[in-house]
Amino acid sequence: MSVIHLTDIEQLMEQVVAYHPEADTDLIRRAYEYSVKAHEGQIRQAGGPFVQHPLAVAGILTFLKLDVQAIAAGLLHDTLEDTVATQEELEQEFGADVARLVDGVTKIGQIPFKTYEEKQAENFRKMVLSMADDIRVVFIKLADRLHNMQTLEALADEKRKIIAQETMEIYAPLANRLGMSWIKQELEDLCFQYLQPEAYSLLKLRLAKRDDERQAYIQSLIQGAQQALGEAGLSGQIDGRPKHLFSIYQKMERRAVSFDEIYDLTAIRIVTDSKMNCYAVLGLIHSMWPPVPGRFKDYVATPRSNLYQSLHTTVVGPQGEYVEFQIRTAEMHRINEYGVAAHWLYKEPGKAKGRDEEVFSWLRQFVEWHKDLSDNRQFMDSVKLDLFHDVVFVFTPKGEVREVPVGSTPLDLAYVIHTEIGDHCVGAKINGKLVPLRHQLHSGDMVEILTSPSQVPHRGWLKFVRTSRAKTKIKHWFKVEEQKRALELGRHLLEQEFRRQHLPVAQSLQSEQLVSMAKAKSCETVEELIRLVGFGRFAPDQIVGSFKEEGEQLSSMPAQSGLLRTQLKAPGVLQDGAVKFGGTKDVLMQLSKCCKPVPGEPIRGYITRGRGLTIHAVDCPNFQSLEWDHTRLVEVEWDVDVEGPHSVDVSVLTLDRPGMLAKVSSGISQCQANITKAEISTREDQKAVLDFVIEVKNTAHLELIIQEIQRVEGILSAKRVRGWS
């Protein structure tokens, strides 16, 4: 399916009147004239006046048969971002509805961002929030992206690839989730062209060479099927359509086969008059050509989440070639092409109803599930996970159909149903049989979720859950629990310190002086101050000590904390922000000297009074042997965005030969690692021990260094050791 590109406003209004005779064309004309004036003097990189772009976007929107306000917003969609126009001005000229739509698709402007990815994440987050209020925002954004991709050739190669990659990861699957298959397919083929130009050109050429032969073959199949339908008294319109290039390429990659081994390059579509006749036509096709086992899919009885309905079957046609048939009604076909926009004209503007509501509800759920994700990288990863998935359909004991991504577990389904059910899930029954929580669901499974009030989430769940909702909810539970634990610990530490300094505990904790102290330390509440004491950010003796020093100026950090901050910046010690606790990096931390953990290995934190968090490796012998106060043990994780240096101790056993120290040192330097300390000692058995302190980025970097050392001739062993400095 292709869109007719409009060249002037008269054509645009003709298109609108064709499907909406009573349309307010005056609003469209005024929007166009405003856009022309606002973009006056601006030239597109592809050449020509800039206004050609908003006109093309509006043309795509008329192809979707959108309302007048959406068409006007399409004409104005770049005015807030690229001209001096303001939202107040748009609202005054065109109404609040149009101004809100334009703002919804306008990128975030003046806010500075560290990276391009962070900026794009914030732009997409804004768009999702706007879409949750008015679905027309996504139609305008997809039309904008489609025309930008159609004119991408004018940009530099690197820029083209960045935009194409973003489109492939976000906007094509977004169109798919909204059931707009023709936009999804065109976007994918355009992205394929710029991301893998050689494969695209080769595949396009090979398809062109076989085109005449394929067309003749397809026509013979269509004639045979049409004749059979007539003889059976079944109505049906039949046509053949070539599969788009990217879908063929995906099939070649997925099956690991060559182009010559792909037979079902064309799908034959039969559009009949009723759902019952869809199945009658299916039976007729199977009587003419044998079906391929395992290649039948009934999306009529069980529609996809994006409203798609059709019967799919692959048969062995003449000459032994595989041919795919898609059988549907006219209404199904219209919805399959346009998705949520299929009957937009008959809906209340901006609102989805009926089955459309089922499709669009995932956007609102997405906003809810991810509102706690402040990290842009996590947000975009979750976006891609939710947009990029094949699905399975399972049933609840009540017979309700639930859709989950392929690879999902009963635990994923539990969180889809309700957060409380997920948090308290202990197991599941699949088709009446008990299964573990990590069991993968399959289409048709009858799933009963088992819960217990005493069950709480485990960190191990994060290793096997598939959905972003489950991951987000589990992480949120731990974040809340860590906050509670820090509050309890902070209160306990302060109470102990108040008693030690002979101050009334209850009165002191409720005093105005503590409220003032919280404000002086940039805490919104006393509770936040107490929580930060529990996290180790503030020392309890400094907080309590100030009660005896009226008028003393409060510093935002205690003295020993400041000392530790200085120590943290020393080479080979924990870099600020390298470890996250409860989703935050702003907590006083230090690496344990006994094990010196490195990014990439499992770690745990221990809250030490007045010193914050001490980070240990999980397998640290000292950490495992000591009797810790388990209320002070906390879960921590490395921040993958922060790189070293981190000091490790490496011991090398060599033959006692001249120049060994120089050879080993050279090998370490070749790995881009810095040596901060080196000692050599010889043994009576004509062997030597070289001990190094080396700064590394992570465990992978350390492994590379050890492998390089072991390549040196005369080396007997090289290994990391704990506790040598």
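The axis of a helix is a line fitted to its C-alpha atoms, over the stretch in contact. Two packed helices are described by the angle between their axes and the distance between the axes. Keep both in mind for this predicted model.

**The chain as a whole**

The chain holds 29 helices and 20 strands. Of its 725 residues, 50% are buried. Its accessible surface is about 34800 Å², and carbon and sulfur atoms supply 50% of that. Among contacts with a separation of 6 or more, 66% join residues 24 or more positions apart.

Start with helix H11, residues 181–195.

Is H11 mostly covered or mostly open? It is mostly covered, with 11 of its 15 residues buried. Among them are Trp182, Ile183, Leu187, Leu190, Cys191, Phe192 and Tyr194.

The buried residues of H11 pack against several helices, listed here.

| Helix packed against H11 | Residues |
|---|---|
| H3 | 52–63 |
| H9 | 136–150 |
| H10 | 157–177 |
| H12 | 197–209 |
| H14 | 245–255 |
| H16 | 330–338 |

Take H9 as one case. The axes of H9 and H11 come within 10 Å and cross at roughly 35°. This crossing is left-handed. Which residues meet there? From H9 come Arg145, Leu146, Met149 and Gln150. From H11 come Trp182, Glu186, Leu187, Leu190, Cys191 and Tyr194.

Now move along the chain to a sheet. Strands of a sheet pair through backbone hydrogen bonds, either parallel or antiparallel. Here 3 strands form an open sheet in the order S9-S8-S10, with antiparallel pairing. Strand S9 (433–435) and strand S10 (447–451) stand at the edges; each has a single partner strand, so one side of each lacks a neighbour in the sheet. On average, neighbouring strands are turned by 35° against each other, direction ignored.

Strand S8 covers residues 425–430 and pairs with S10 over 5 bridges. In one of these pairings, glycine 427 has leucine 450 of S10 as its bridge partner.

Helix H19, residues 410–417, lies across S8, S9 and S10. It runs at about 80° to S10.

Methods:
Residues are numbered from 1 along each chain as its sequence is written. This is a predicted model: local features need pLDDT of at least 70, side-chain atom pairs count only at pLDDT 80 or more; totals for chains, interfaces and linings use all residues. Side-chain values use heavy atoms; hydrogens and water are left out. Two strands pair if DSSP finds at least two bridges between them. Helices (H or I, at least four residues) and strands (E, at least two) are DSSP runs, numbered from the N terminus. Axes are lines fitted to C-alpha atoms, for helices over the stretch in contact, and angles run from 0 to 180 degrees between N-to-C directions. Contact means heavy atoms within 4.5 Å. The expected span of a helix is 1.5 Å times one less than its number of residues. Buried means under 20% relative accessible area, exposed over 50%, partly exposed in between (1.4 Å probe, protein chains only). Accessible areas come from the Shrake-Rupley method with a 1.4 Å probe; for residues, only the protein chains shown count as cover. A crossing is left-handed if the near helix is turned anticlockwise from the far one by less than a right angle, and right-handed if clockwise.
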